[in-house]
Structures are given as structure tokens and as C-alpha cells.
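Open the model in your viewer and keep the selection panel at hand. The stops below say what to select next and what is there.

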Amino acid sequence: MGIKVENVSKRFGDFQALEPIDLEIKSGSLVALLGPSGSGKSTLLRLIAGLEQPDTGRIYISAQDATYKSVQDRHVGFVFQHYALFKHLTVRKNIAFALELQKWPKDRIKHRVDTLLNLVQLTGLGDRYPAQLSGGQRQRVALARALAIEPQVLLLDEPFGALDAKVRKDLRDWLRRLHDEVQVTTVFVTHDQEEAMEIANDIVVMSNGKVEQVGSPAEIYEKPASSFVMSFIGAVNVLSPDQTWKSLHQEASPTAEVFLRPHDIEIFLTPQDASLPATINHIIHLGWTIRIELTLDNGHSITAHINRDQYRDLGITVGQRVHLRARLVHSFEGSPSYSQTVSQGLGI
């Protein structure tokens, strides 16, 4: 039930939505297509679903060539961002719709719908109409309807984008548990980095119609393959390559920018080896994390993240002079495949 994409590309008029790409998604995995608007992620999902046809290349589902198969013949379930439920049908009828088209026996349909209502935690709500449900409940109905046909692959296009933050968080947790139960190969599109990191086994980072990197959430975050991935996944300071920073990446080009995660910055009250002085401009409390915004003596602005215990121990205030040191610094040069990591407690 895996998916294989070989040299697949797609153009809409003068716009190259997807450059020729190769991608393999393992059977039973939960994969996020992550990127900004226009990166090609939704186009790739629609090509896998059969809603669009590729200009070049082949698409294989469960080792079978599905490039020119119809949506129905691909045995995929598709969930849209805005649910696309039938307003005039009850929850039960919405879930049963495709099964009735396939002329399943009535008793089998009832059993399947009852099973799915229990699976998506909507038991007892089968006779309600979509307008009588919350946004999160409607999205779960859409997922149940997609699962009704027992698809080989489940595809979700920004499934939680229309929901508020609390409901999105709850549904993320629920989708992860649901996937563990049904074990269907699942691919979902999102532009939300936290959502991808929290749910997916693997992340496909996309930009300008290309795949920038494929890997686990930890690999993507800790070993970014390009400056784009470094900048897009998580908070980062991007610093110009002036003389102050050259000691950090002596083997890289002097034009290479320096990338530094806020949590990789240490704050001291007194000078340390390989540290630089800075002035605190703002202190922002974000629960357990404290965001410190500072200015270095050369005029660079920089952000550091520390926890509440560290903040309490330091006793720092706005306007105070402190000293900063980096635990880990990245620099990138040339193509996205090049990366150099400097990670020996160097000063920033």
C-alpha cells in the first residue's frame, strides 16, 4: 500500500507547479507534505489522488501503475479542508454514501457505518445533520466517509486549516491515534510546521515545486539540508556573514549566512570564552519558554529562548548587558544539498 512517484511534473499554463520529482512513501506510514503556499504540495497530493494528471512521470500505488487510473479505481480516500459534506444528508448517510453507490448490502453498510462512528468518536450522532455538528465533528465525519471504502491510501488536504487552534490540537492527537489503529498509508498537506512535526512519521519539505528534504521530524530539524529547510522549520536567527561571524564558519564562503536556533544561545551575566556582549531589548513570557530579544554591539538583532528556571536564575531585566554564546551554528553555501554545521561551543 505504499506510493512511488517517478519523475512526476505538472504545469498549469505558464506556471510550473511541480518540477520533476521522485518520492517514495512507505506502506502504512503517516507522511506530511509541508511547505508554504505555491510550493507544489497540494498539486502533488491531487496527482496521487487522480484529481490531476501529470505532464511527465509515473505514479504507483501498491506497486501498481496508477498514473492514468480514475479516482475510483485508485482506492484512495480524500479529505478536503472544508469537509465537502452533503448538507441534506445525516451523518450516517454521508458516511454510507460511497458504499451505497458501490451497492453494498444494507446490513454490511450499517455495520461498517456503526464501526466508523465508533472509530471517530461520534457514536450516537449518526442521525444529526452537518449543520448540527461542530467544526471538529464535521471533519471527523469527513474522515469517516473517506475511510468507509477501506481505501489503500488516505489523502488529506490541509484537513484542520479551517478550525480554531484548540480544535486543531485535539484533532492532531486524534488523527495520530486513528492512524495507529487503522494503519492505512496516509499523506496530508499542511503549511503548519508544528502540525507536521507533531503528527507525521516522515516529512516531505517542499518549495517552488521541488522537494527540499525528506526525513523524520528529528532529521529535518536537526540536520536541515538547505537554508530554506533551516529557515522554514522552527524559529531561527539568520545573520549576515560580516567579520563578527567569520570565525564560526572559516571553511565556508565568506558570503555564507549564519543560521542559529534561539534555543542554541546561552546567556551569561559575565564574559565567557567565545562569547559576545549584547543588550536586552524585550523579554516575552510564553509559558515555560521565555523569549529574549537582544542587540549585539555590531547592531545585529538576535533572539534567544530560555526556560523559566534559567530566567529565574539569571534574574535579567530589559536594558541589561549580558554575554551570549552559541551551542550550535549552521551555514549553507551554493546548492541546497550543501550544508556545514559548526557545533563546538563556538561564540556567536
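Start by selecting strand 3 (residues 30–34) and strand 9 (residues 202–207): the two run parallel and are joined by 4 bridges. Strands here are DSSP runs of E with at least two residues, helices are runs of H or I with at least four residues, and both are numbered from the N terminus. Two strands count as paired if DSSP finds at least two bridges between them. This is a predicted model, in which local features need pLDDT of at least 70 and side-chain atom pairs count only at pLDDT 80 or more, while totals for chains, interfaces and linings use all residues. Residues are numbered from 1 along each chain as its sequence is written, and side-chain values use heavy atoms, with hydrogens and water left out.

Stay on this pair and pick single residues. Leu33 has Val204 in strand 9 as its bridge partner, and Leu34 has Val205 in strand 9. Buried means under 20% relative accessible area, exposed means over 50%, and partly exposed lies in between, with a 1.4 Å probe and protein chains only.

Strand 9 and strand 10 run antiparallel, with 5 bridges between them. Val205 has Gln213 in strand 10 as its bridge partner. The two strands make a hairpin with 2 residues between them, and Asn208 in the turn has a positive phi of about 50°. Strands of a sheet pair through backbone hydrogen bonds, either parallel or antiparallel.

Contact means heavy atoms within 4.5 Å. Axes are lines fitted to C-alpha atoms, for helices over the stretch in contact, and angles run from 0 to 180 degrees between N-to-C directions.

To show the contact, select Gly136, Gln139, Arg140, Leu143 and Leu147 in helix 5, which meet Val167, Leu171, Trp174 and Leu178 in helix 6.

For another helix pair, select helix 3 (residues 91–101) and helix 4 (residues 106–119), which pack at about 130° with axes 10 Å apart. Helix 3 and helix 4 are therefore oblique to each other. Residues of helix 3 in the contact include Ile95 and Leu99, and those of helix 4 include Ile109 and Val113.

Move to helix 1 (residues 41–49). Because 7 of its 9 residues are buried, helix 1 is largely enclosed by the rest of the structure. The buried residues are Lys41, Thr43, Leu44, Leu45, Leu47, Ile48 and Ala49. Just after helix 1, Gly50 has a positive phi of about 95°.

Then select Arg58 in strand 4 (residues 56–61). Arg58 is partly exposed, with a relative accessible area of 31%. Which side chain does the side chain of Arg58 meet in a polar contact? That partner is Asp65, at 2.6 Å. A polar contact is a pair of N or O atoms within 3.5 Å; within protein, one must be able to donate a hydrogen and the other to accept it, and residues adjacent in sequence count only if both atoms are side-chain atoms. Leaving out residues up to four places away in sequence, Arg58 touches Lys4, Val5, Glu6, Val8, Asp65, Thr67 and Tyr68.

Finally, zoom out to the protein, which has 10 helices and 19 strands. Its C-alpha atoms fill a box of roughly 75 × 45 × 30 Å along the principal axes. Of the 348 residues, 47% count as buried.

Terms used. Parallel < 35°, antiparallel > 145°, perpendicular 65-115°, else oblique.
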